[in-house]
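Subject: Structure handover

Hello,

Here is the structure I said I would pass on. Please open it and keep it beside this email as you read.

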Amino acid sequence: MPVIDLATTPLRALNQALHDAAAPGHNDTAFEVLNPRGAHAVAVGIAAPVSVDVKGSVGYYCGGMNEQARITVHGSAGPGVAENMMSGTVVIKGDASQYAGATGRGGLLVIEGNAASRCGISMKGINIVVHGNIGHMSAFMAQSGTLVVLGDAGEALGDSLYEARLFVRGAVKSLGADCIAKEMRPEHLAVLAGLLAEAGITDVKPQEFTRYGSARRLYNFDIDNADAY
Amino acid sequence: MSHKTHPTPPRKSATFDDYTLSEIRRAAATGIYDIRGGGTKRKVPHFDDLLFLGASMSRYPLEGYREKCSTEVVLGTRFASKPITLKIPITIAGMSFGALSGPAKEALGRGATLAGTSTTTGDGGMTEEERGHSQVLVYQYLPSRYGMNPRDMRRADAIEIVIGQGAKPGGGGMLLGQKISDRVAQMRTLPKGIDQRSASRHPDWTGPDDLEIKILELREITGWEKPIYIKLGGSRPYYDTALAVKAGADVVVLDGMQGGTAATQEVFIEHVGLPTLACIRPAVQALQDLGMHRKVQLIVSGGIRSGADVAKALALGADAVSIGTAALVALGDNDPKWEAEYQALGSTAGCYDDWHEGRDPAGITTQDPELASRLDPVLAGRRLANYLKVMALETQTIARACGKSHVHNLEPEDLVALTIEASAMAGVPLAGTGWIPGKTGP
């Protein structure tokens with residue numbers, strides 16, 4: 001297994017090695033990254049089913065635009081972790097800063113600690129599971145995908161969201177414009193059970209969550225809704 | 001009874017003019033602000049207010065058609081390992097599939113390719129039509145990130161991070177429900193038929209320090225191959241350009257308020273932002289102050305119509321220009337041959353700007369398959385190529401007359417201004433004087 005030490009190897013060499021893994025003739029399927037020390041853009045743009053274990057905390061945009069790879073950060077992640085992820089899995093053992101999973105279009109992002117503000121902003125199909133709490137303005141303008149929060153959500157959850165599904169087990173400080181609590185039907189329980197299982201969570205039941213989604217009142221402009229914008 | 005013997009003629013208010021009155025009545029009747037496409041329609045100081053001096057006793061002209069006058073421009077020489085070389089310094093600006101039809105996007109690609117220049121995606125992702133027909137394609141990275149994916153990013157020739165545009169610096173996008181067809185909805189991951197409001201800020205960074213890290217990420221994803229542009233709306237051009245350079249841009253694109261939008265509030269288009277003419281010198285000054293003029297290339301857009309405009313922008317220090325509205329007109333937008341249909345829509349050829357409604361008689365700003373089929377992408381592409389080539393020839397004509405063997409050798413010294421306003425904005429003397437307001441004594 002290739003071990004890449006960022007204390008001695010430039011970031012460019014790390015990402016190039018991970019990109020090369022997608023090319024024919026490259027058989028490495030598992031990488032270990034040492035001494036990330038908060039580096040930005042670690043393991044971005046991978047397009048191969050490899051596993052990457054980052055031993056420490058990372059800065060901005062770790063796992064950005066990931067396709068197929070399984071990236072595990074054995075530490076915390078800075079802003080924009082797994083931004084615009086297409087597929088694959090990103091697991092953060094610690095906490096994640098703001099914009100976690102921003103605009104993600106697929107794959108699974110698991111944050112075992114807490115996530116800061118704007119978690120899942122503008123998400124477009126990604127699934128996000130947060131073991132802890134999430135900050136304010138999370139799932140802002142979220143279009144598609146599922147956000148699962150085992151803890152609490154901050155202010156203005158799901159503001160101006162479209163068709164993304166939100167499941168929160170704890171308290172929600174406030175809901176954003178056009179976001180409402182919705183009935184939990186069997187199909188939602190099934191989706192939630194599947195995601196909890198995928199994230200390796202066994203001690204929590206889907207029935208403990210509340211579902212939130214769009215009231216769809218702001219989908220077409222009406223001047224009498226102006227104070228909601 | 002003097003009012004009968006000396007009747008007062010009706011006097012219209014300059015403040016409450018006909019247009020203003022009709023706007024008040026329209027707002028009262030409909031309860032919504034006016035939304036339209038295009039750029040500012042008010043008269044602002046522009047390239048028309050500048051003249052070239054030409055050659056004379058102390059400047060020698062080049063022979064037209066005989067002595068070489070190059071138009072080639074290379075973009076992205078600062079950091080990208082694969083800079084872009086264009087035959088002409090005129091590019092096609094970003095316009096979305098969604099705002100424009102698929103055939104219109106294809107036509108832009110075809111025309112740009114025939115003329116040896118680039119075209120640009122827009123707020124809606126990259127379509128196969130435009131990638132397939134564009135030799136050089138710039139991929140926009142917008143706040144909405146609709147359709148954003150690494151595959152398209154890798155097959156793009158450059159990446160343009162959009163901070164703003166001249167028609168609406170500080171504003172996001174707007175695509176009303178009637179243009180959200182199945183295909184547009186699918187590309188943007190949105191429900192069909194909703195009013196789609198694109199974000200005005202990027203979702204995962206704020207400010208130039210974050211942007212520097214975002215650019216690092218994009219370069220790492222694409223192996224440091226592609227030029228990265230930063231597109232700005234004309235707002236604070238000196239500081240915005242300096243910060244774009246600091247953030248790591250290869251190319252700065254600066255769009256003045258005459259630059260078009262697919263759809264935005266009229267109040268925004270007409271009252272926010274700077275005219276193109278007012279943007280260029282501060283931006284060039286910022287590049288010069290940082291020792292980066294010609295190292296970070298400057299593309300100027302907003303109201304470019306002819307080779308004269310191109311030459312004037314280049315003389316003021318731009319490396320290239322970009323056209324949007326003019327390119328659409330070349331394709332067939334607002335063509336008088338559709339006059340009856342423009343009239344039926346309550347407009348007239350030359351004025352039609354309700355592009356957001358999707359009922360464009362010319363078949364360009366629509367998602368209606370029947371209307372879109374009116375535009376033949378091969379013919380329209382040829383028209384665009386013709387127009388681009390004419391503009392390049394016009395630019396060369398002026399450059400040769402000024403004795404320049406490359407259009408980039410045009411300089412402010414070749415220009416004078418017709419008005420005090422244009423003189424102050426462009427930093428060139430008022431014609432017939434040595435006076436530049438704010439710089440030299442009267």
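What follows is a tour of the sheet, some helix pairs, the chain contact and a few single residues.

This is a predicted model, in which local features need pLDDT of at least 70 and side-chain atom pairs count only at pLDDT 80 or more, while totals for chains, interfaces and linings use all residues. Residues are numbered from 1 along each chain as its sequence is written, and chains are lettered from A and ligands numbered from 1 in the order in which they are written.

**The sheet in chain B**

Start with the sheet. In chain B, 8 strands form an open sheet in the order β5-β15-β14-β12-β11-β8-β7-β6, and the pairing is parallel. Strands here are DSSP runs of E with at least two residues, helices are runs of H or I with at least four, and both are numbered from the N terminus. Two strands pair if DSSP finds at least two bridges between them.

Which strands stand at the edges? They are β5 (90–92) and β6 (118–120) of chain B. Each has a single partner strand, so one side of each is left without a neighbour in the sheet. From one strand to the next, the twist averages 30°. Angles run from 0 to 180 degrees between N-to-C directions, and axes are lines fitted to C-alpha atoms, for helices over the stretch in contact.

Now look at strand β14 (residues 297–301) of chain B. It is mostly covered, with 5 of its 5 residues buried. Buried means that 20 or more other C-beta atoms, placed from the backbone, lie within 10 Å of the residue's own; 12 or fewer means exposed, and in between is partly exposed. B:Gln297, B:Ile299 and B:Ser301 point one way from β14(B), while B:Leu298 and B:Val300 point the other way.

β14(B) has these pairings:
- With strand β12 (residues 251–255) of chain B, β14(B) pairs in the parallel sense over 5 bridges. B:Ser301 in β14(B) has B:Asp255 opposite.
- With strand β15 (residues 320–323) of chain B, β14(B) runs parallel, joined by 3 bridges. B:Ile299 has B:Ala320 in β15(B) as its bridge partner.

Strand β11 (residues 228–233) of chain B also runs parallel to β12(B), through 5 bridges. There, B:Gly233 stands opposite B:Asp255. Helix α8 (residues 237–247) of chain B packs on the sheet and touches β11 and β12 of chain B. The direction of α8(B) makes about 160° with that of β11(B). Contact means that the C-beta atoms of two residues, placed from the backbone, lie within 7 Å.

**Two helix pairs**

Two packed helices are described by the angle between their axes and the distance between the axes.

α8(B) packs with helix α10 (residues 276–289) of chain B at about 40°, with axes 7 Å apart. That makes α8(B) oblique to α10(B). Under 35 degrees counts as roughly parallel, over 145 as roughly antiparallel, 65 to 115 as roughly perpendicular, and the rest as oblique. The residues of this contact divide into 9 nonpolar, 2 polar and no charged. Ala, Val, Leu, Ile, Met, Phe, Trp, Tyr, Cys and Pro count as nonpolar; Asp, Glu, Lys and Arg as charged; the others, Gly among them, as polar.

Helix α11 (residues 307–315) and helix α15 (residues 377–401) of chain B pack at about 55°, and their axes are 7 Å apart. α11(B) and α15(B) are therefore oblique too. Their contact has 8 nonpolar, 3 polar and 1 charged residues.

**Where the chains touch**

How many residues of chain B are in contact with chain A? There are 21, and they meet 37 residues of chain A. Helix α7 (residues 207–221) gives the most to the chain B side, with 5 residues. That side divides into 11 nonpolar, 5 polar and 5 charged residues.

**Single residues to check**

Most residues other than glycine have a negative phi. A:Thr103 has a positive phi of about 55°. A:Thr103 lies in the loop between β5 (89–92) and β6 (108–111) of chain A. With 31 C-beta neighbours inside 10 Å, A:Thr103 counts as buried.

B:Arg145 has a positive phi near 55°. Its place is the loop between β7 (136–141) and α5 (150–154) of chain B. B:Arg145 has 26 C-beta neighbours inside 10 Å, so it counts as buried.

Best wishes
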